[in-house]
Amino acid sequence: MPAAASDPSRILDDNAESVAVVIGNKSYKQTSTVDFAHNDAEAMRDYLVRGLRFREQNVFVLKDATLGELTQMFGSEANPQGGRLWRSAVEGRSNVFVYYSGHGVPDLATRQPFLLPQDGNPNASESGYALQTLYRNLELVRQKIGAQRQLIVMIDACFTGETGRKGESLLAVSAPGFTPAKPRIGGGIVKLVATSGATPANWDENQKLGLFTSRFLMGAAGLAQADADRRIAWPELQSYVVREVEAAARRDSGREQKPEFDTASLSLPTVEPSVTIRRSFESAQDEARWRSATADGSREALERYVAQCTGPCAYRQQAMDRLLQRQRNAEAVKDDESWRQFGAEGRYQAYLDACNQICAYRQLALGYLGKDPITAIRPEGTQAKQQLLAAAQPIVASDPARALAEAKAAGTVEALDRFLKVYPEGKLATEAFAARLALVQSARQTGASHAPTAAADARYAPGRTQIDAMAPAGPKRTPVMIEADMHLKACPSQGIVAKLGPRRPEDPKSGFLSVRSGPGGSAYVETDRIYNGDILIICDTIGPWHAVIYPNRGQSFQECRAHLNVKSAGRATYSGSCRSGWVHKNYVEVTTR
(Lines give C-alpha, C1' and ligand atoms only; values in the text may rest on other atoms or scores of the structure.)
Protein backbone atom coordinates (compact mmCIF):
# COMPACT_ATOMS: atom_id res chain seq x y z
CA MET A 1 0.00 0.00 0.00
CA PRO A 2 1.37 3.47 -0.78
CA ALA A 3 2.26 5.70 2.17
CA ALA A 4 -0.51 8.10 1.09
CA ALA A 5 -3.15 5.51 2.01
CA SER A 6 -2.31 5.82 5.72
CA ASP A 7 -1.10 9.44 5.78
CA PRO A 8 -3.10 11.95 3.67
CA SER A 9 -0.30 14.53 3.97
CA ARG A 10 1.88 12.21 1.84
CA ILE A 11 -0.57 11.99 -1.05
CA LEU A 12 2.04 13.54 -3.40
CA ASP A 13 4.21 10.44 -2.91
CA ASP A 14 1.71 8.42 -4.97
CA ASN A 15 1.93 9.72 -8.57
CA ALA A 16 1.83 6.59 -10.70
CA GLU A 17 -1.30 7.91 -12.48
CA SER A 18 -0.91 11.63 -11.75
CA VAL A 19 -1.05 14.20 -14.56
CA ALA A 20 0.83 17.49 -15.02
CA VAL A 21 0.73 20.35 -17.51
CA VAL A 22 3.92 22.45 -17.78
CA ILE A 23 3.85 25.61 -19.93
CA GLY A 24 6.80 27.86 -20.75
CA ASN A 25 5.94 30.85 -22.99
CA LYS A 26 9.15 32.61 -23.96
CA SER A 27 8.82 33.96 -27.52
CA TYR A 28 5.80 36.15 -28.31
CA LYS A 29 4.65 37.40 -31.69
CA GLN A 30 3.34 40.76 -30.49
CA THR A 31 5.38 41.66 -27.41
CA SER A 32 8.71 41.15 -25.61
CA THR A 33 10.15 37.76 -24.65
CA VAL A 34 10.18 36.11 -21.24
CA ASP A 35 13.84 35.18 -21.33
CA PHE A 36 13.89 32.19 -18.97
CA ALA A 37 10.41 30.69 -19.49
CA HIS A 38 11.71 27.64 -21.38
CA ASN A 39 14.28 27.04 -18.62
CA ASP A 40 11.48 27.26 -16.06
CA ALA A 41 9.43 24.66 -17.92
CA GLU A 42 12.35 22.23 -18.22
CA ALA A 43 13.30 22.64 -14.56
CA MET A 44 9.72 21.98 -13.41
CA ARG A 45 9.35 18.99 -15.72
CA ASP A 46 12.55 17.56 -14.20
CA TYR A 47 11.26 18.12 -10.67
CA LEU A 48 7.92 16.44 -11.36
CA VAL A 49 9.49 13.41 -13.05
CA ARG A 50 12.62 12.97 -10.94
CA GLY A 51 11.37 14.37 -7.64
CA LEU A 52 7.66 13.56 -7.42
CA ARG A 53 7.87 10.47 -9.67
CA PHE A 54 5.32 11.52 -12.30
CA ARG A 55 5.51 9.31 -15.38
CA GLU A 56 7.11 11.19 -18.27
CA GLN A 57 4.23 10.40 -20.61
CA ASN A 58 1.84 12.00 -18.11
CA VAL A 59 3.70 15.36 -18.02
CA PHE A 60 2.42 17.48 -20.93
CA VAL A 61 5.00 20.18 -21.79
CA LEU A 62 3.94 23.13 -23.95
CA LYS A 63 6.49 25.73 -25.06
CA ASP A 64 5.24 28.97 -26.60
CA ALA A 65 1.65 27.77 -26.36
CA THR A 66 -0.95 29.48 -28.54
CA LEU A 67 -4.50 30.31 -27.46
CA GLY A 68 -5.70 27.26 -29.38
CA GLU A 69 -3.27 24.99 -27.56
CA LEU A 70 -4.29 26.38 -24.16
CA THR A 71 -7.94 25.81 -25.01
CA GLN A 72 -7.24 22.26 -26.22
CA MET A 73 -5.41 21.51 -22.95
CA PHE A 74 -7.78 23.14 -20.41
CA GLY A 75 -11.08 23.45 -22.30
CA SER A 76 -12.96 26.63 -23.10
CA GLU A 77 -15.46 28.72 -21.19
CA ALA A 78 -18.26 27.17 -23.23
CA ASN A 79 -16.87 23.61 -23.03
CA PRO A 80 -14.96 23.30 -19.72
CA GLN A 81 -14.70 19.50 -19.94
CA GLY A 82 -13.41 19.45 -23.49
CA GLY A 83 -9.72 19.70 -22.61
CA ARG A 84 -7.03 17.04 -22.66
CA LEU A 85 -6.32 17.49 -18.95
CA TRP A 86 -9.92 16.59 -18.04
CA ARG A 87 -9.78 13.47 -20.18
CA SER A 88 -6.37 12.37 -18.79
CA ALA A 89 -7.13 12.71 -15.07
CA VAL A 90 -8.16 9.41 -13.45
CA GLU A 91 -10.91 9.50 -10.85
CA GLY A 92 -9.57 8.78 -7.37
CA ARG A 93 -6.04 8.01 -8.60
CA SER A 94 -4.58 11.20 -10.14
CA ASN A 95 -2.98 14.19 -8.49
CA VAL A 96 -2.84 17.16 -10.89
CA PHE A 97 -0.08 19.76 -11.13
CA VAL A 98 -0.41 22.76 -13.49
CA TYR A 99 2.55 25.10 -14.04
CA TYR A 100 2.79 28.28 -16.15
CA SER A 101 5.73 30.60 -16.82
CA GLY A 102 5.22 33.51 -19.20
CA HIS A 103 3.43 36.83 -19.48
CA GLY A 104 0.29 37.62 -17.57
CA VAL A 105 -1.79 40.69 -18.56
CA PRO A 106 -4.82 42.53 -17.17
CA ASP A 107 -7.90 43.89 -18.90
CA LEU A 108 -7.75 47.51 -17.72
CA ALA A 109 -11.54 47.89 -18.11
CA THR A 110 -12.65 44.80 -16.18
CA ARG A 111 -9.41 44.38 -14.16
CA GLN A 112 -9.59 40.64 -14.91
CA PRO A 113 -6.21 38.83 -15.33
CA PHE A 114 -5.29 36.72 -18.37
CA LEU A 115 -2.54 34.30 -19.35
CA LEU A 116 -0.98 35.63 -22.55
CA PRO A 117 -0.65 32.99 -25.30
CA GLN A 118 2.28 33.08 -27.72
CA ASP A 119 0.02 34.56 -30.43
CA GLY A 120 -1.88 36.90 -28.07
CA ASN A 121 -2.04 40.70 -28.10
CA PRO A 122 -1.48 42.15 -24.59
CA ASN A 123 -3.84 45.03 -25.42
CA ALA A 124 -6.69 42.74 -26.55
CA SER A 125 -8.05 40.67 -23.68
CA GLU A 126 -10.09 38.50 -26.04
CA SER A 127 -6.80 37.05 -27.36
CA GLY A 128 -5.78 35.85 -23.89
CA TYR A 129 -6.82 32.88 -21.77
CA ALA A 130 -8.72 34.19 -18.73
CA LEU A 131 -7.37 33.12 -15.36
CA GLN A 132 -10.97 32.91 -14.14
CA THR A 133 -11.71 30.37 -16.90
CA LEU A 134 -8.62 28.33 -16.00
CA TYR A 135 -9.57 28.14 -12.33
CA ARG A 136 -13.24 27.33 -13.08
CA ASN A 137 -12.31 24.50 -15.45
CA LEU A 138 -9.73 23.15 -12.99
CA GLU A 139 -12.40 23.04 -10.27
CA LEU A 140 -14.24 20.51 -12.45
CA VAL A 141 -11.03 18.47 -12.76
CA ARG A 142 -10.70 18.68 -8.97
CA GLN A 143 -14.19 17.31 -8.52
CA LYS A 144 -13.39 14.44 -10.90
CA ILE A 145 -10.21 13.27 -9.13
CA GLY A 146 -11.92 13.41 -5.73
CA ALA A 147 -11.29 15.07 -2.37
CA GLN A 148 -8.62 12.54 -1.43
CA ARG A 149 -6.37 13.82 -4.26
CA GLN A 150 -4.62 17.18 -4.77
CA LEU A 151 -4.71 19.76 -7.55
CA ILE A 152 -1.92 22.36 -7.43
CA VAL A 153 -1.61 25.38 -9.73
CA MET A 154 1.72 27.24 -9.85
CA ILE A 155 1.99 30.45 -11.90
CA ASP A 156 5.32 32.30 -12.29
CA ALA A 157 3.88 35.46 -13.81
CA CYS A 158 2.39 38.78 -12.73
CA PHE A 159 -0.78 40.48 -13.99
CA THR A 160 0.12 44.17 -13.69
CA GLY A 161 1.04 44.71 -17.36
CA GLU A 162 4.76 45.00 -16.57
CA THR A 163 7.46 42.83 -18.14
CA GLY A 164 9.78 42.43 -15.17
CA ARG A 165 12.24 44.88 -16.74
CA LYS A 166 12.21 48.25 -15.02
CA GLY A 167 10.27 50.89 -16.94
CA GLU A 168 8.95 48.45 -19.57
CA SER A 169 5.23 47.76 -20.04
CA LEU A 170 3.30 45.24 -22.11
CA LEU A 171 0.37 47.61 -22.50
CA ALA A 172 -0.11 50.54 -24.84
CA VAL A 173 -1.44 52.58 -21.90
CA SER A 174 0.75 52.93 -18.82
CA ALA A 175 -0.95 51.77 -15.63
CA PRO A 176 1.52 52.20 -12.77
CA GLY A 177 0.40 50.61 -9.52
CA PHE A 178 -2.46 48.74 -11.24
CA THR A 179 -3.86 45.91 -9.10
CA PRO A 180 -5.77 43.21 -10.98
CA ALA A 181 -8.94 41.66 -9.56
CA LYS A 182 -8.77 38.32 -7.78
CA PRO A 183 -10.45 35.53 -9.78
CA ARG A 184 -13.31 33.82 -7.99
CA ILE A 185 -12.37 30.29 -7.04
CA GLY A 186 -13.90 27.52 -4.99
CA GLY A 187 -12.12 25.40 -2.43
CA GLY A 188 -9.88 22.45 -3.12
CA ILE A 189 -7.30 24.02 -5.47
CA VAL A 190 -3.89 24.89 -3.97
CA LYS A 191 -2.64 28.08 -5.67
CA LEU A 192 0.98 29.25 -5.86
CA VAL A 193 1.35 32.60 -7.64
CA ALA A 194 4.66 34.45 -8.05
CA THR A 195 3.34 37.80 -6.88
CA SER A 196 0.25 39.46 -5.53
CA GLY A 197 -1.09 42.97 -5.81
CA ALA A 198 0.58 45.62 -7.94
CA THR A 199 4.15 44.29 -8.01
CA PRO A 200 5.91 42.54 -10.93
CA ALA A 201 7.55 39.12 -10.89
CA ASN A 202 11.36 39.09 -11.01
CA TRP A 203 13.99 36.78 -12.46
CA ASP A 204 16.90 34.94 -10.91
CA GLU A 205 19.70 36.00 -13.24
CA ASN A 206 22.22 33.60 -11.69
CA GLN A 207 20.15 30.48 -12.33
CA LYS A 208 18.42 31.77 -15.48
CA LEU A 209 15.01 31.00 -13.99
CA GLY A 210 12.04 32.91 -12.69
CA LEU A 211 12.78 33.97 -9.11
CA PHE A 212 9.63 32.28 -7.78
CA THR A 213 10.44 29.03 -9.62
CA SER A 214 14.07 28.97 -8.50
CA ARG A 215 13.22 29.44 -4.81
CA PHE A 216 10.46 26.81 -4.99
CA LEU A 217 12.91 24.27 -6.44
CA MET A 218 15.67 25.14 -3.95
CA GLY A 219 13.25 24.83 -1.04
CA ALA A 220 11.96 21.49 -2.35
CA ALA A 221 15.55 20.27 -2.70
CA GLY A 222 16.05 20.62 1.06
CA LEU A 223 16.70 24.26 1.95
CA ALA A 224 13.20 24.58 3.43
CA GLN A 225 13.69 21.51 5.59
CA ALA A 226 13.70 22.19 9.35
CA ASP A 227 14.80 18.74 10.57
CA ALA A 228 16.55 15.61 9.36
CA ASP A 229 13.53 13.44 8.49
CA ARG A 230 14.13 13.80 4.72
CA ARG A 231 10.67 15.38 4.29
CA ILE A 232 9.53 18.96 3.86
CA ALA A 233 6.29 20.01 5.49
CA TRP A 234 4.20 22.30 3.32
CA PRO A 235 4.30 25.18 5.87
CA GLU A 236 8.12 24.94 5.84
CA LEU A 237 8.16 25.24 2.04
CA GLN A 238 5.63 28.08 2.15
CA SER A 239 7.64 30.04 4.72
CA TYR A 240 10.93 29.51 2.89
CA VAL A 241 9.66 30.49 -0.58
CA VAL A 242 7.85 33.64 0.56
CA ARG A 243 10.77 34.78 2.72
CA GLU A 244 13.48 34.12 0.14
CA VAL A 245 11.56 35.62 -2.81
CA GLU A 246 10.87 38.81 -0.88
CA ALA A 247 14.50 39.13 0.25
CA ALA A 248 16.03 38.36 -3.17
CA ALA A 249 13.70 40.73 -5.05
CA ARG A 250 14.43 43.56 -2.66
CA ARG A 251 18.19 42.88 -2.74
CA ASP A 252 18.67 42.28 -6.48
CA SER A 253 16.11 44.60 -8.09
CA GLY A 254 15.13 47.03 -5.35
CA ARG A 255 11.46 46.08 -5.81
CA GLU A 256 8.89 44.26 -3.72
CA GLN A 257 7.63 40.82 -4.66
CA LYS A 258 5.43 38.86 -2.25
CA PRO A 259 4.15 35.52 -3.53
CA GLU A 260 0.71 34.05 -2.89
CA PHE A 261 1.23 30.59 -1.43
CA ASP A 262 -1.85 28.71 -0.22
CA THR A 263 -1.64 26.57 2.90
CA ALA A 264 -2.20 22.83 2.58
CA SER A 265 -1.97 19.66 4.66
CA LEU A 266 0.86 18.23 2.57
CA SER A 267 4.47 17.18 2.84
CA LEU A 268 7.06 16.53 0.14
CA PRO A 269 10.03 14.18 -0.09
CA THR A 270 13.35 16.01 -0.44
CA VAL A 271 15.16 15.45 -3.74
CA GLU A 272 18.66 16.06 -4.97
CA PRO A 273 18.92 19.48 -6.63
CA SER A 274 18.85 19.45 -10.40
CA VAL A 275 21.84 20.52 -12.48
CA THR A 276 20.07 23.82 -13.18
CA ILE A 277 20.02 24.92 -9.55
CA ARG A 278 22.88 22.88 -8.05
CA ARG A 279 25.46 25.67 -7.85
CA SER A 280 23.09 28.20 -6.30
CA PHE A 281 21.64 25.53 -4.03
CA GLU A 282 25.07 24.64 -2.65
CA SER A 283 25.95 28.32 -2.12
CA ALA A 284 22.67 28.94 -0.31
CA GLN A 285 23.15 25.79 1.75
CA ASP A 286 26.66 26.94 2.68
CA GLU A 287 25.35 30.35 3.75
CA ALA A 288 22.58 28.74 5.83
CA ARG A 289 25.11 26.49 7.59
CA TRP A 290 27.32 29.49 8.33
CA ARG A 291 24.40 31.48 9.74
CA SER A 292 23.51 28.52 11.95
CA ALA A 293 27.12 28.13 13.14
CA THR A 294 27.53 31.81 13.98
CA ALA A 295 24.13 31.94 15.72
CA ASP A 296 25.21 28.99 17.88
CA GLY A 297 28.65 30.53 18.42
CA SER A 298 30.20 27.45 20.01
CA ARG A 299 33.49 25.87 19.03
CA GLU A 300 31.65 22.67 18.11
CA ALA A 301 29.33 24.54 15.71
CA LEU A 302 32.24 26.25 13.95
CA GLU A 303 34.17 22.98 13.67
CA ARG A 304 31.04 21.26 12.30
CA TYR A 305 30.74 23.98 9.62
CA VAL A 306 34.36 23.41 8.54
CA ALA A 307 33.90 19.64 8.52
CA GLN A 308 30.77 19.83 6.34
CA CYS A 309 32.37 22.02 3.65
CA THR A 310 32.21 19.90 0.50
CA GLY A 311 31.30 22.27 -2.35
CA PRO A 312 31.31 26.05 -2.04
CA CYS A 313 32.74 26.97 1.33
CA ALA A 314 32.75 30.76 1.33
CA TYR A 315 33.10 31.15 5.08
CA ARG A 316 35.72 28.48 5.80
CA GLN A 317 38.50 30.99 6.35
CA GLN A 318 36.34 33.06 8.70
CA ALA A 319 35.48 29.92 10.66
CA MET A 320 39.17 28.95 10.84
CA ASP A 321 40.12 32.45 11.99
CA ARG A 322 37.50 32.34 14.74
CA LEU A 323 38.60 28.89 15.87
CA LEU A 324 42.27 29.88 15.88
CA GLN A 325 41.46 33.08 17.73
CA ARG A 326 39.51 31.11 20.33
CA GLN A 327 42.46 28.80 20.75
CA ARG A 328 44.92 31.68 21.02
CA ASN A 329 42.70 33.47 23.55
CA ALA A 330 42.45 30.35 25.68
CA GLU A 331 46.20 29.77 25.46
CA ALA A 332 46.91 33.42 26.32
CA VAL A 333 44.74 33.18 29.45
CA LYS A 334 46.49 29.95 30.41
CA ASP A 335 49.88 31.55 29.77
CA ASP A 336 49.04 34.54 32.00
CA GLU A 337 47.86 32.22 34.78
CA SER A 338 51.05 30.15 34.46
CA TRP A 339 53.24 33.27 34.71
CA ARG A 340 51.38 34.61 37.73
CA GLN A 341 51.88 31.28 39.47
CA PHE A 342 55.46 30.42 38.56
CA GLY A 343 56.77 33.99 38.20
CA ALA A 344 55.62 34.96 41.68
CA GLU A 345 57.43 31.92 43.06
CA GLY A 346 60.60 32.55 41.03
CA ARG A 347 60.17 29.20 39.21
CA TYR A 348 61.05 30.53 35.77
CA GLN A 349 62.15 27.19 34.31
CA ALA A 350 58.82 25.67 35.37
CA TYR A 351 57.06 28.46 33.48
CA LEU A 352 59.16 27.75 30.34
CA ASP A 353 58.44 24.02 30.63
CA ALA A 354 54.71 24.75 30.83
CA CYS A 355 54.79 27.07 27.79
CA ASN A 356 52.71 26.06 24.82
CA GLN A 357 52.30 27.95 21.52
CA ILE A 358 51.87 31.24 23.39
CA CYS A 359 54.74 32.07 25.69
CA ALA A 360 54.48 35.83 26.20
CA TYR A 361 56.89 35.95 29.17
CA ARG A 362 59.60 33.76 27.65
CA GLN A 363 62.16 36.53 27.27
CA LEU A 364 61.63 37.62 30.86
CA ALA A 365 61.95 34.07 32.16
CA LEU A 366 65.12 33.47 30.14
CA GLY A 367 66.50 36.81 31.27
CA TYR A 368 65.95 35.97 34.93
CA LEU A 369 67.64 32.60 34.36
CA GLY A 370 70.58 34.29 32.60
CA LYS A 371 70.00 32.21 29.47
CA ASP A 372 69.04 34.96 27.05
CA PRO A 373 71.19 37.70 25.48
CA ILE A 374 68.36 40.09 26.30
CA THR A 375 68.61 39.98 30.10
CA ALA A 376 66.91 41.97 32.78
CA ILE A 377 67.64 43.04 36.32
CA ARG A 378 66.83 40.17 38.68
CA PRO A 379 64.57 41.46 41.44
CA GLU A 380 65.33 40.34 44.94
CA GLY A 381 63.21 40.04 48.07
CA THR A 382 59.56 40.67 48.80
CA GLN A 383 59.51 44.13 47.24
CA ALA A 384 60.98 42.68 44.04
CA LYS A 385 58.26 40.01 43.97
CA GLN A 386 55.62 42.74 44.15
CA GLN A 387 57.36 44.57 41.28
CA LEU A 388 57.44 41.32 39.30
CA LEU A 389 53.72 40.78 39.80
CA ALA A 390 53.02 44.37 38.79
CA ALA A 391 55.08 43.86 35.63
CA ALA A 392 53.17 40.68 34.82
CA GLN A 393 49.78 42.40 34.67
CA PRO A 394 48.34 42.68 31.15
CA ILE A 395 48.99 45.87 29.20
CA VAL A 396 45.80 47.91 28.60
CA ALA A 397 45.76 47.68 24.80
CA SER A 398 42.98 50.23 24.40
CA ASP A 399 45.00 53.04 26.10
CA PRO A 400 48.72 52.99 25.18
CA ALA A 401 49.50 56.21 27.08
CA ARG A 402 48.04 54.79 30.28
CA ALA A 403 49.88 51.50 29.71
CA LEU A 404 53.19 53.38 29.40
CA ALA A 405 52.49 55.39 32.56
CA GLU A 406 51.85 52.14 34.46
CA ALA A 407 55.02 50.56 33.09
CA LYS A 408 57.07 53.58 34.17
CA ALA A 409 55.41 53.56 37.60
CA ALA A 410 56.40 49.89 38.05
CA GLY A 411 60.02 51.04 37.72
CA THR A 412 61.33 47.79 36.23
CA VAL A 413 62.97 46.87 32.96
CA GLU A 414 60.58 43.94 32.56
CA ALA A 415 57.51 46.19 32.79
CA LEU A 416 58.89 48.41 30.02
CA ASP A 417 59.81 45.30 28.02
CA ARG A 418 56.21 44.17 28.21
CA PHE A 419 55.02 47.53 26.96
CA LEU A 420 57.53 47.46 24.09
CA LYS A 421 56.42 43.93 23.23
CA VAL A 422 52.87 45.23 22.63
CA TYR A 423 53.86 48.65 21.19
CA PRO A 424 57.24 48.17 19.43
CA GLU A 425 57.07 51.38 17.32
CA GLY A 426 55.92 54.97 17.48
CA LYS A 427 56.46 57.95 19.79
CA LEU A 428 55.42 56.08 22.93
CA ALA A 429 57.83 53.25 22.07
CA THR A 430 60.69 55.78 21.79
CA GLU A 431 59.72 57.22 25.18
CA ALA A 432 59.55 53.73 26.68
CA PHE A 433 62.94 52.82 25.27
CA ALA A 434 64.43 56.00 26.76
CA ALA A 435 62.99 55.11 30.19
CA ARG A 436 64.30 51.58 29.84
CA LEU A 437 67.75 52.83 28.87
CA ALA A 438 67.82 55.07 31.95
CA LEU A 439 67.05 52.05 34.15
CA VAL A 440 69.77 49.99 32.46
CA GLN A 441 72.36 52.75 32.90
CA SER A 442 71.36 53.15 36.55
CA ALA A 443 71.77 49.41 37.07
CA ARG A 444 75.23 49.47 35.47
CA GLN A 445 76.32 52.35 37.67
CA THR A 446 75.21 50.48 40.78
CA GLY A 447 76.88 47.28 39.59
CA ALA A 448 73.76 45.21 39.15
CA SER A 449 74.32 41.88 37.46
CA HIS A 450 72.75 40.64 34.26
CA ALA A 451 72.43 44.10 32.72
CA PRO A 452 71.03 44.13 29.16
CA THR A 453 73.62 43.82 26.43
CA ALA A 454 74.00 45.85 23.24
CA ALA A 455 71.96 43.20 21.44
CA ALA A 456 69.09 43.82 23.83
CA ASP A 457 69.23 47.55 23.24
CA ALA A 458 69.32 47.03 19.48
CA ARG A 459 66.15 44.98 19.70
CA TYR A 460 64.08 48.02 20.58
CA ALA A 461 66.14 50.71 18.85
CA PRO A 462 63.91 53.36 17.25
CA GLY A 463 63.04 52.53 13.64
CA ARG A 464 63.95 48.86 13.94
CA THR A 465 61.90 45.76 14.70
CA GLN A 466 62.81 42.53 16.46
CA ILE A 467 63.16 40.84 13.07
CA ASP A 468 65.50 43.58 11.86
CA ALA A 469 67.73 43.16 14.91
CA MET A 470 68.20 39.45 14.15
CA ALA A 471 68.66 39.89 10.37
CA PRO A 472 71.70 38.12 8.94
CA ALA A 473 73.88 39.64 6.27
CA GLY A 474 73.25 38.29 2.80
CA PRO A 475 72.39 39.08 -0.80
CA LYS A 476 69.66 41.58 -1.59
CA ARG A 477 67.36 38.95 -3.12
CA THR A 478 66.96 35.20 -2.72
CA PRO A 479 64.33 33.81 -5.09
CA VAL A 480 61.69 31.33 -3.94
CA MET A 481 62.48 27.87 -5.26
CA ILE A 482 59.91 25.15 -5.87
CA GLU A 483 60.79 21.49 -5.85
CA ALA A 484 58.93 18.23 -6.48
CA ASP A 485 59.69 14.68 -7.34
CA MET A 486 57.76 12.95 -10.09
CA HIS A 487 55.11 11.59 -7.71
CA LEU A 488 54.44 14.52 -5.35
CA LYS A 489 53.13 18.01 -5.98
CA ALA A 490 55.41 20.97 -5.44
CA CYS A 491 55.24 22.92 -2.18
CA PRO A 492 52.73 20.67 -0.36
CA SER A 493 52.84 22.65 2.90
CA GLN A 494 50.29 25.35 3.64
CA GLY A 495 50.02 27.92 6.43
CA ILE A 496 48.03 30.88 7.67
CA VAL A 497 49.21 34.20 9.10
CA ALA A 498 47.80 34.00 12.59
CA LYS A 499 50.09 35.39 15.30
CA LEU A 500 50.25 39.12 14.63
CA GLY A 501 49.23 41.73 17.16
CA PRO A 502 46.15 43.89 16.60
CA ARG A 503 46.08 46.56 13.91
CA ARG A 504 45.85 49.92 15.69
CA PRO A 505 44.44 52.96 13.87
CA GLU A 506 46.89 55.30 15.59
CA ASP A 507 49.87 53.24 14.39
CA PRO A 508 49.92 52.48 10.62
CA LYS A 509 52.91 50.18 11.10
CA SER A 510 51.07 47.76 13.39
CA GLY A 511 49.39 44.44 12.72
CA PHE A 512 51.18 43.35 9.52
CA LEU A 513 53.87 40.85 8.57
CA SER A 514 56.63 42.03 6.21
CA VAL A 515 57.32 39.96 3.10
CA ARG A 516 61.01 40.32 2.28
CA SER A 517 63.20 39.62 -0.70
CA GLY A 518 65.23 37.04 1.17
CA PRO A 519 65.50 35.05 4.42
CA GLY A 520 66.41 37.90 6.78
CA GLY A 521 65.50 41.29 8.17
CA SER A 522 66.76 44.71 7.07
CA ALA A 523 69.45 43.17 4.85
CA TYR A 524 66.59 42.41 2.48
CA VAL A 525 64.00 44.86 1.17
CA GLU A 526 60.34 44.69 2.18
CA THR A 527 58.33 43.73 -0.92
CA ASP A 528 54.83 43.44 0.54
CA ARG A 529 52.77 43.31 3.73
CA ILE A 530 50.34 40.55 4.71
CA TYR A 531 47.89 40.19 7.57
CA ASN A 532 46.18 37.75 9.94
CA GLY A 533 44.09 35.25 8.00
CA ASP A 534 46.13 35.36 4.76
CA ILE A 535 46.81 31.84 3.43
CA LEU A 536 50.31 30.92 2.24
CA ILE A 537 51.91 28.10 0.24
CA ILE A 538 55.18 27.16 1.98
CA CYS A 539 57.94 26.01 -0.39
CA ASP A 540 61.12 26.13 1.72
CA THR A 541 62.43 27.01 5.19
CA ILE A 542 65.83 28.51 6.00
CA GLY A 543 66.35 29.08 9.71
CA PRO A 544 63.39 31.10 11.02
CA TRP A 545 62.24 32.10 7.51
CA HIS A 546 59.63 30.52 5.23
CA ALA A 547 59.76 30.90 1.43
CA VAL A 548 56.10 31.44 0.51
CA ILE A 549 53.77 31.94 -2.45
CA TYR A 550 50.40 33.67 -2.02
CA PRO A 551 47.68 35.28 -4.19
CA ASN A 552 47.56 38.87 -5.35
CA ARG A 553 44.63 40.96 -4.17
CA GLY A 554 41.55 39.66 -5.99
CA GLN A 555 43.31 36.43 -7.05
CA SER A 556 42.19 33.05 -5.69
CA PHE A 557 44.40 30.78 -3.61
CA GLN A 558 43.35 27.87 -5.81
CA GLU A 559 44.79 29.68 -8.84
CA CYS A 560 48.20 29.89 -7.15
CA ARG A 561 48.05 26.20 -6.29
CA ALA A 562 46.84 25.18 -9.76
CA HIS A 563 49.70 26.96 -11.55
CA LEU A 564 52.37 25.65 -9.18
CA ASN A 565 53.96 23.14 -11.52
CA VAL A 566 57.44 21.65 -11.92
CA LYS A 567 57.77 19.93 -15.27
CA SER A 568 60.29 17.40 -14.01
CA ALA A 569 61.81 16.35 -10.70
CA GLY A 570 64.18 18.94 -9.25
CA ARG A 571 64.26 22.60 -8.27
CA ALA A 572 63.12 25.62 -10.22
CA THR A 573 62.73 29.33 -9.49
CA TYR A 574 59.08 30.27 -9.00
CA SER A 575 57.94 32.56 -11.84
CA GLY A 576 54.14 32.30 -11.71
CA SER A 577 51.52 35.05 -11.54
CA CYS A 578 51.15 34.97 -7.75
CA ARG A 579 53.25 36.84 -5.19
CA SER A 580 56.27 35.26 -3.51
CA GLY A 581 58.85 36.12 -0.87
CA TRP A 582 60.15 35.32 2.60
CA VAL A 583 58.33 35.71 5.94
CA HIS A 584 59.29 35.03 9.54
CA LYS A 585 57.85 31.69 10.60
CA ASN A 586 57.01 32.90 14.13
CA TYR A 587 53.92 34.52 12.62
CA VAL A 588 52.73 31.55 10.52
CA GLU A 589 50.62 28.59 11.66
CA VAL A 590 51.38 25.55 9.48
CA THR A 591 48.00 23.95 8.66
CA THR A 592 49.03 21.28 6.12
CA ARG A 593 52.32 19.44 5.70
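1. N15 touches L52, R53, F54, R55 and N95, leaving out residues up to four places away in sequence; contact means heavy atoms within 4.5 Å. The side chains of N15 and N95 are joined by a polar contact of 3.0 Å. Such a contact is a pair of N or O atoms within 3.5 Å; within protein, one must be able to donate a hydrogen and the other to accept it, and residues adjacent in sequence count only if both atoms are side-chain atoms.

2. This is a predicted model: local features need pLDDT of at least 70, side-chain atom pairs pLDDT 80 or more, while totals for chains, interfaces and linings use all residues. Numbering runs from 1 along each chain as its sequence is written, and side-chain values use heavy atoms, without hydrogens and water.

3. N15 sits in the segment before strand 1 (19–24). Helices (H or I, at least four residues) and strands (E, at least two) are DSSP runs, numbered from the N terminus. Is N15 buried or exposed? N15 is buried, at 2% relative accessible area. Buried means under 20%, exposed over 50%, partly exposed in between (1.4 Å probe, protein chains only).

4. Six strands make an open, mixed sheet, ordered 2-1-3-7-8-12. Its edges are strand 2 (59–63) and strand 12 (260–261), each pairing on one side only. Pairing requires at least two DSSP bridges between two strands. Strands 7 (151–156) and 8 (189–193) run parallel over five bridges. I155 has V193 in strand 8 as its bridge partner.

5. R571 belongs to strand 20 (570–573). It is partly exposed, at 46%. Beyond four places in sequence, R571 contacts M481, I482, E483 and D540.
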